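Here is a short briefing on a protein fold.

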Amino acid sequence: MLTATAERPTAGERLPTATIATAVIRSINKNDLNYLNNCMRDLNIPQGAYERLFRVVTLPRLRNGQQWYFVRPALNPYCQTFYGANGFRHWLVSLTGNAYQVRHTGLSSTFRVLNTQSNGYYDIASSTCTAAECFTTTMKYVGNRYAPFQCSETRFSGGSGNDVEFTVPCRAR
């Protein structure tokens, strides 16, 4: 349904509303907020205009009627705050009543919102990759958060086409 990577814009992305950006900003730690504010100053972006630094994709409405959004940092203007060596931060935000709530925060090389749902919410997959391998965690919504359901590792063959994927125990990476 949705695939996002650190290096390319996500299909269908647009500027978020200030209220969605504010929900994300409220979920980040103080150090990241300081780095973000410094970046905004360096880019001559007015303080508090956080929506300029994010992009949003509206996801299809869930069966329960809730509206969810995928939020990622913008590639232009670019702030290093939400990017790593080969990954980017991302958020899933829901609109419940009149309030936006961050339901998931992650750091991935590739992030996917899947076509399947569990317990009425989207299933998701997050991959963290190096030049030699990728670890993918598929998660389902359990209770009030996402929890790992299945994990796999792909080892790259160096161009021979013999990449190997196998199931591994889920653990923090």
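This is a predicted model: local features need pLDDT of at least 70, side-chain atom pairs count only at pLDDT 80 or more; totals for chains, interfaces and linings use all residues.

Residues are numbered from 1 along each chain as its sequence is written, and side-chain values use heavy atoms, without hydrogens and water. Helices (H or I, at least four residues) and strands (E, at least two) are DSSP runs, numbered from the N terminus.

**Four-stranded sheet**

- An open sheet is built from 4 strands in the order β2-β3-β4-β5, with antiparallel pairing. Two strands pair if DSSP finds at least two bridges between them.
- β2 (54-58) and β5 are the edge strands, and each pairs on one side only.
- From one strand to the next, the twist averages 25 degrees. Axes are lines fitted to C-alpha atoms, for helices over the stretch in contact, and angles run from 0 to 180 degrees between N-to-C directions.
- Helix α1 (residues 18-27) packs on this sheet and touches β2, β3, β4 and β5. The direction of α1 makes about 60 degrees with that of β5. Contact means heavy atoms within 4.5 Å.
- Strands β3 (residues 67-73) and β4 (residues 88-96) are antiparallel partners over 5 bridges. Tyr 69 stands opposite Val 93 in β4.

**Six-stranded sheet**

- Another open sheet has 6 strands, ordered β1-β6-β7-β8-β9-β10, and its pairing is antiparallel.
- Its edge strands are β1 (2-5) and β10 (164-168), each pairing on one side only.
- Neighbouring strands here are turned by 25 degrees against each other on average, direction ignored.
- β1 pairs with β6 (residues 110-118) in the antiparallel sense over 4 bridges. Leu 2 stands opposite Val 113 in β6.

**Nonpolar cores**

- A nonpolar core is a set of buried Ala, Val, Leu, Ile, Met, Phe, Trp, Tyr and Cys residues joined through side-chain atoms within 4.5 Å. Buried means under 20% relative accessible area, exposed over 50%, partly exposed in between (1.4 Å probe, protein chains only).
- The largest core has 20 residues, of which Leu 36, Tyr 50, Leu 53, Phe 54, Val 71 and Trp 91 touch the most other members.
- At least two residues of this core come from each of α1, α2, β2, β3 and β4. α1 gives the most, with 4 residues.
- A second, separate core of 19 residues includes Leu 2, Trp 68, Phe 111 and Tyr 121.

**Rings and charges**

- There are 12 aromatic pairs in the structure. Rings of Phe, Tyr and Trp (its six-membered ring) pair if their centres lie within 6.5 Å; planes under 30 degrees apart count as stacked, over 60 as edge-to-face and the rest as tilted.
- Phe 82 and Trp 91 make an edge-to-face pair, 5.2 Å centre to centre with 90 degrees between the planes. Both are buried.
- Ring pairs join Trp 68, Tyr 121, Tyr 122, Tyr 141 and Tyr 146 into a cluster.
- Arg 72 lies over the face of Phe 88, 4.6 Å from the ring centre. The charged end of Lys 140 sits over the ring of Phe 149, 4.1 Å from its centre. The criterion is NZ of Lys or CZ of Arg within 6 Å of the ring centre and within 35 degrees of the ring normal.

**Two buried residues**

- His 104, in β5 (residues 99-108), counts as buried because its relative accessibility is 11%. Beyond its neighbours within four places in sequence, His 104 has contacts including Trp 91, Phe 111 and Tyr 146.
- Asn 37 lies in α2 (residues 30-42). Asn 37 is buried too, at 17% relative accessibility.
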